[in-house]
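Thanks for making the time this morning.

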Amino acid sequence: MSVESIILVVGDEELLVERAIGDVVASVRAGDPDIEVIDLAPGGLEPGRISELTSPSLFGGGKVLVLRSAQDLGKDLTAEVLKYAKTPAEDVVLVAVHPGGAKGKALVDGLTKLNARKIACPKVTRAGERVDFVRGEIRKAGGKISADGARGLIEAVGNDLRELAAACSQLVADTGGKIDDAAIARYYRGRAEVSGFTVADKAIEGQLAEALEQLRWALATGVAPVLIVSALAQGVRGLAKVGGAPRGARGAALAKDLGMPPWKIDRVQKQLRGWSGDGVARALTAVAEADAEVKGGAADPAYALEKTVARIVAARN
């Protein structure tokens, strides 16, 4: 077989674990379409069963044994697996699936010492890792999305990797591959309303038409005007904070001083291009007036917000 005989899948990110197993099976089937795949769990295993399944068959044919929840094997079955792994059968691929952690670690250590191929599938917990996951999914499907766009999709869909993967596939299929904020809002506004922060980003970046489009979508899906004003204010204040930081300040020290995550500082620094100190001051005045109008019960909050967005874009120039 061209695939390694012993494979250790370690981690508890369910989607990645299933994909790893699927990739192994697909690789084996590429050389032998009739390969038998057998799922095993510790609860249904008895001593000697591994030896039985890995013994040569009278009828020939290879096997892929997927040993799930390997942390629950127990001492005797772990010893049996490790003994087999020292001299594996040529026509059998054994995939041991372990979630990581201390329980059942003897199996992981033993297979590692025997040079089993190890596939890591750790839980994706960091925001940056989820962004990388989304961009990778879009790229594999033949599309393209920016880091900001990936963050927007995560905000709309949530952190579950299965749902994110499905969303990525659907968006590429339906948009032809170019995925922007408008596409994300159009497909997922029923699950997560277009946020005021999307409106603020477009306005600050000088994209008037897009900002107004996002504003109308946000209002149409029930986002309160006061929340949109708040997002606009936070966005403009972010420009003031980052633009007023000491020259040469950067990294973790700057993030700590400003009370902003590094990724957000990077984003605001890019948004600052095209802004002057006077322009930021005019934008701050615009959002302060909008705040007073909306909270004071303006006759037409939507018009007040559209006017404010236009003033912010004009201040940038």
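Let me start with a question: does Arg19 count as buried, partly exposed or exposed, and at what relative accessibility? Before I answer, please keep in mind that this is a predicted model, in which local features need pLDDT of at least 70 and side-chain atom pairs count only at pLDDT 80 or more, while totals for chains, interfaces and linings use all residues. Residues are numbered from 1 along each chain as its sequence is written, and side-chain values use heavy atoms, with hydrogens and water left out.

Arg19, then, counts as partly exposed, at 28% relative accessibility, where buried means under 20% relative accessible area, exposed means over 50% and partly exposed is in between, with a 1.4 Å probe and protein chains only. The residue lies in helix 1; helices here are DSSP runs of H or I with at least four residues, strands are runs of E with at least two, and both are numbered from the N terminus. If we leave aside neighbours within four places in sequence, Arg19 is in contact with Phe133, Glu137, Lys140 and Ala165, contact meaning heavy atoms within 4.5 Å. Arg19 and Cys121 are 102 residues apart in sequence, and their C-alpha atoms are 9.5 Å apart in space.

Helix 1 passes helix 5 in a left-handed crossing, that is, with the near helix turned anticlockwise from the far one by less than a right angle. The residues of this contact divide into three nonpolar, no polar and three charged, where Ala, Val, Leu, Ile, Met, Phe, Trp, Tyr, Cys and Pro count as nonpolar, Asp, Glu, Lys and Arg as charged, and the others, Gly among them, as polar.

Now to another helix pair. The axes of helix 11 (residues 225-243) and helix 14 (residues 277-295) come within 9 Å and cross at roughly 160°, which makes helix 11 roughly antiparallel to helix 14, the term being used for angles over 145 degrees. The contact involves, among others, Val229, Leu232 and Val236 of helix 11 and Val280, Leu284 and Val287 of helix 14, and its residues divide into 14 nonpolar, no polar and three charged.

Which residues touch the most other members of the largest nonpolar core? They are Ile228, Leu232, Trp275, Val309 and Ile312, in a core of 34 residues; such a core is a set of buried Ala, Val, Leu, Ile, Met, Phe, Trp, Tyr and Cys residues joined through side-chain atoms within 4.5 Å. Helix 11 provides the largest share of this core, seven residues. Trp275 touches Ile204, Leu239, Val280, Ala283, Ile312, Ala315 and Arg316, not counting residues up to four places away in sequence. A second, separate core of 25 residues includes Val10, Leu45, Val92 and Leu111.

Finally, the backbone. Asn115, in the loop between helix 4 (105-113) and strand 5 (117-120), has a phi near 65°, a positive value in a residue other than glycine, and counts as exposed at 69% relative accessibility.

Technical notes:
Axes fitted to C-alpha atoms, helices over the stretch in contact; angles between N-to-C directions. Parallel < 35°, antiparallel > 145°, perpendicular 65-115°, else oblique.
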